[in-house]
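Subject: Structure handover

Hello,

Here is the structure for you to look over. Please open it first, then read the notes below.

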Amino acid sequence: MARPKEFDEHRAVDAAMRAFWTAGYEATSTQDLCAATGLGRSSIYNTFTSKRDLFDRALRHYMTTKNAALFDILDSDAPARQRIADILHRTADAPETEPAGCLVVNSIVELAPHDAAARELLAADGDRRLDALTAAVESGQRAGEFAADRDARAIAQFLIATISGMRVAARGGADHATLTAIADTALACL
């Protein structure tokens, strides 16, 4: 008879997510994952089969969590400009309890150039966010909040690049004032 699991799998994935977010996939060792999750090697490999399986689950967890907050803002009844301002300022106001930067951006840089499976997962996530931001910009154009003669998808791509750049700047040590200035400048460009 198999021994029952004596840990919360969701918490283990969340702890692993933070470890990968902090150090990246390659630099996070199995020992780092054991320390982060509080699990032994056998529990990690029996539950997740491999470091890569655990990473994939952690990345999906990150995407689900972060996208839920993004989509909550984008689906609100607030004017489009306010929704976009909220997203940009939310990026500048990232909680100090979270690792700096973004697991998605870090993974795009680290894995996407040479890992087809990661590239596909990251691209699908990026497409969902791009579609949602494009829809918000289009609604703002219809409401007269943004110039209607500009390409909504190009504006959404600009916003994604800005947010990604803010995450990289935060990882590099940019302070709150710098990140807020970037957010405000991006808003002024719309």
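**Start of the chain**

Asp-8 sits in the segment before helix H1 (9–23). Helices here are DSSP runs of H or I with at least four residues, strands are runs of E with at least two, and both are numbered from the N terminus. Asp-8 is partly exposed, at 39% relative accessible area. The classes are these: buried is under 20% relative accessible area, exposed is over 50%, and partly exposed is in between, with a 1.4 Å probe and protein chains only. Asp-8 and Thr-37 are 29 residues apart along the chain, and their C-alpha atoms are separated by 9.8 Å.

**How to read the model**

This is a predicted model, where local features need pLDDT of at least 70, side-chain atom pairs count only at pLDDT 80 or more, and totals for chains, interfaces and linings use all residues. Residues are numbered from 1 along each chain as its sequence is written, and side-chain values use heavy atoms, with hydrogens and water left out.

**The chain as a whole**

The chain has 9 helices and 0 strands. Read from the N terminus on, the elements run α-α-α-α-α-α-α-α-α. The C-alpha trace spans about 65 × 35 × 30 Å along its principal axes.

Of the 190 residues in the chain, 44% are buried. The accessible surface comes to about 9,900 Å², and 54% of that belongs to carbon and sulfur atoms. Those areas come from the Shrake-Rupley method with a 1.4 Å probe; for residues, only the protein chains shown count as cover.

Now the contacts, meaning heavy atoms within 4.5 Å. Take those between residues at least 6 apart in sequence: 69% of them join residues at least 24 apart.

Charges come next. There are 21 positive and 27 negative side chains. Lys and Arg count as positive, Asp and Glu as negative; His and the chain ends are not counted. The centres of the two sets lie 4 Å apart. Each charge is placed at NZ of Lys, CZ of Arg, CG of Asp or CD of Glu.

**Salt bridges**

How many salt bridges does the structure hold? It holds 8. Each is a side-chain nitrogen of Lys or Arg within 4 Å of a carboxyl oxygen of Asp or Glu. Side chains of opposite charge can pair when their charged atoms come close.

Asp-125 and Arg-129 form one of them, at 3.0 Å from N to O. Both lie in helix H7 (residues 116–142), 4 residues apart, about one turn of the helix.

Arg-52 pairs with Asp-56, with the closest N and O atoms 2.9 Å apart. These two are 4 residues apart in helix H4, so about one helical turn separates them. Arg-52 is partly exposed, at 21% relative accessible area.

Lys-66 and Glu-98 also meet in a salt bridge, at 2.8 Å from N to O. Lys-66 lies in helix H4 and Glu-98 in the loop between H5 and helix H6 (103–110), so the pair ties together parts that are 32 residues apart in sequence. Lys-66 and Glu-98 are both buried.

**Either side of H4**

Thr-49 lies in the loop between helix H3 (41–48) and H4. Its phi is near 65 degrees, a positive value in a residue other than glycine. Most residues other than glycine have a negative phi. Is Thr-49 buried or exposed? Thr-49 is exposed, because its relative accessible area is 58%.

Asp-75 is in the loop between helix H4 (51–74) and helix H5 (80–92). Asp-75 is exposed too, at 62% relative accessible area. Asp-75 and His-89 are 14 residues apart along the chain, with 17 Å between their C-alpha atoms.

**A residue in H5**

Thr-91 belongs to helix H5. Thr-91 is buried, at 6% relative accessible area. Which residues is Thr-91 in contact with, leaving aside its neighbours within four places in sequence? They are Ile-163, Met-166 and Arg-167.

**Cysteines**

The structure holds 0 disulfides. A disulfide here is a pair of cysteine sulfur atoms within 2.5 Å. Cys-102 counts as buried, because its relative accessibility is 9%. Cys-189 counts as partly exposed, at 43% relative accessibility.

Best wishes
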